[in-house]
Amino acid sequence: MKLNLLLKMTLICTLTVILLGAYTRLSDAGLGCPDWPGCYGHIKVPSQAHELAHVERHFPGQEIEPKKAWLEMIHRYVAGSLGILVLLILIQSWRGSATPKKLPGLIAALIVFQALLGMWTVTMKLMPVVVMSHLLGGFTLFSLLLLLYLRLRPLQIPDGDPKARTLAPLAMVALAIVVLQIMLGGWTSSNYAALACTELPICEGDWSSNLRLADAFSPFQGQHPSFEFGVLDYHTRMTIHIAHRIGALLTAIVVLTLAFMLWRRAYSSMLKRSALVLTLVLGLQLSLGLANVLLHLPLPVAVAHNGGAALLLLTLVFINYALWRKA
């Protein structure tokens with residue numbers, strides 16, 4: 001199989017894993033299987049009499065919820081398939097004489113670390129800093145795979161489009177802000193703060209007098225039997241939620257500024273299309289965020305919001321690659 005085709009398959013698989021992870025997390029199925037990598041000591045959700053007897057012996061007091069357990073296991077199966085695809089990419093890259101070597105190695109190391117984060121997510125009972133790190137690792141993997149794909153397909157920009165290239169620093173700033181906003185989104189989700197505010201534009205009540213910034217962004221939240229459904233009080237969750245909303249506003253301003261200036265300065269059709277795609281993806285993401293608040297976090301919309309963040313990130317990775325690469 002050609003490396004380009006393999007990378008396309010891996011990109012699709014990575015997006016699938018991100019969406020499945022969001023669906024699992026938002027369905028409160030993150031602890032559907034209390035062990036790792038199996039489920040109650042099995043490679044599938046136990047259902048036979050002898051399997052259930054094993055569960056009673058080794059997991060006393062645990063009640064199997066088949067729907068949640070299967071969600072968790074399907075996510076693990078697809079993530080395992082992704083690991084195999086990354087391994088194939090590494091092997092093909094090392095065999096080729098003209099293919100990058102360091103980047104595939106970094107991607108392979110990241111997928112191993114992602115597997116560890118997946119294990120710690122379960123063994124540490126959904127500790128928010130681990131859950132957010134796992135989410136961020138998935139987005140990072142997605143970005144590095146796209147970067148590898150782009151390095152194998154030289155971009156053709158007439159004369160290098162020098163006016164557009166002056167926007168490279170702004171594009172880097174936009175990318176950094178989107179990454180921070182994704183981290184805020186992951187922190188909001190992992191602390192179950194998505195519905196801490198149900199009014200627009202900011203929050204109901206005297207929110208400004210009840211901010212808890214130090215508690216809201218402390219990575220360590222004490223010892224708890226489980227972090228499922230969150231351990232923070234209302235005002236702390238509200239602070240996290242408001243920070244995510246303010247971050248969304250800042251992200252929109254910077255990204256729209258980049259898209260507008262890129263559209264005005266670029267003369268290559270590829271960069272103009274990129275500016276248009278960036279605007280459309282940002283508009284979609286903002287709409288999904290508003291829908292989450294107005295409709296009280298419907299599962300399909302919340303999952304799509306995760307997918308929109310991934311597409312926004314990849315669009316900015318592409319723009320940065322195009323603007324910073326040598327002509």
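## Salt bridges

The side chains of E51 and K44 meet in a salt bridge, with N and O 3.4 Å apart, where a salt bridge is a side-chain nitrogen of Lys or Arg within 4 Å of a carboxyl oxygen of Asp or Glu. This is a predicted model in which local features need pLDDT of at least 70 and side-chain atom pairs count only at pLDDT 80 or more, whereas totals for chains, interfaces and linings use all residues. Residues are numbered from 1 along each chain as its sequence is written, and side-chain values use heavy atoms, with hydrogens and water left out.

By this rule the count comes to 3 salt bridges. E51 counts as buried because its relative accessibility is 8%, while K44, at 31%, counts as partly exposed; buried means under 20% relative accessible area, exposed over 50%, and partly exposed in between, with a 1.4 Å probe and protein chains only. K68 pairs with E65 at 3.8 Å, N to O, and here K68 is partly exposed at 21%, as E65 is at 43%.

## Helix α3

Helix α3 covers residues 66-95, helices being DSSP runs (H or I, at least four residues) numbered from the N terminus. Within helix α3, E72 and R76 lie 4 residues apart, about one turn of the helix, and they form a salt bridge whose closest N and O atoms are 3.0 Å apart. E72 is buried, with a relative accessible area of 7%, and R76 counts as buried at 11%.

V86 is also found in helix α3 and is buried, with a relative accessible area of 2%. Leaving aside residues up to four places away in sequence, V86 touches T10, I107, A108 and I111, contact meaning heavy atoms within 4.5 Å. I84, in contrast, lies in helix α3 but counts as exposed at 53% relative accessibility. Together with L87, L88 and I91, I84 makes a nonpolar surface patch of about 340 Å²; patches are made of residues with over 30% relative accessible area and no salt bridge, with nonpolar side chains (Val, Leu, Ile, Met, Phe, Trp, Tyr) joined within 5 Å and like charges within 9 Å.

## R245 in helix α9

R245 lies in helix α9, residues 234-265, and is buried yet has no salt bridge, the nearest side chain of opposite charge, E204, being 5.9 Å away. The side chain of R245 does reach the backbone oxygen of E199, at 2.5 Å. Not counting residues up to four places away in sequence, R245 touches C197, T198, E199, L200, P201, I202, C203 and V293.

Definitions and conventions
Helices (H or I, at least four residues) and strands (E, at least two) are DSSP runs, numbered from the N terminus. Lys and Arg count as positive and Asp and Glu as negative; His and the chain ends are not counted. A polar contact is a pair of N or O atoms within 3.5 Å; within protein, one must be able to donate a hydrogen and the other to accept it, and residues adjacent in sequence count only if both atoms are side-chain atoms. Accessible areas come from the Shrake-Rupley method with a 1.4 Å probe; for residues, only the protein chains shown count as cover.
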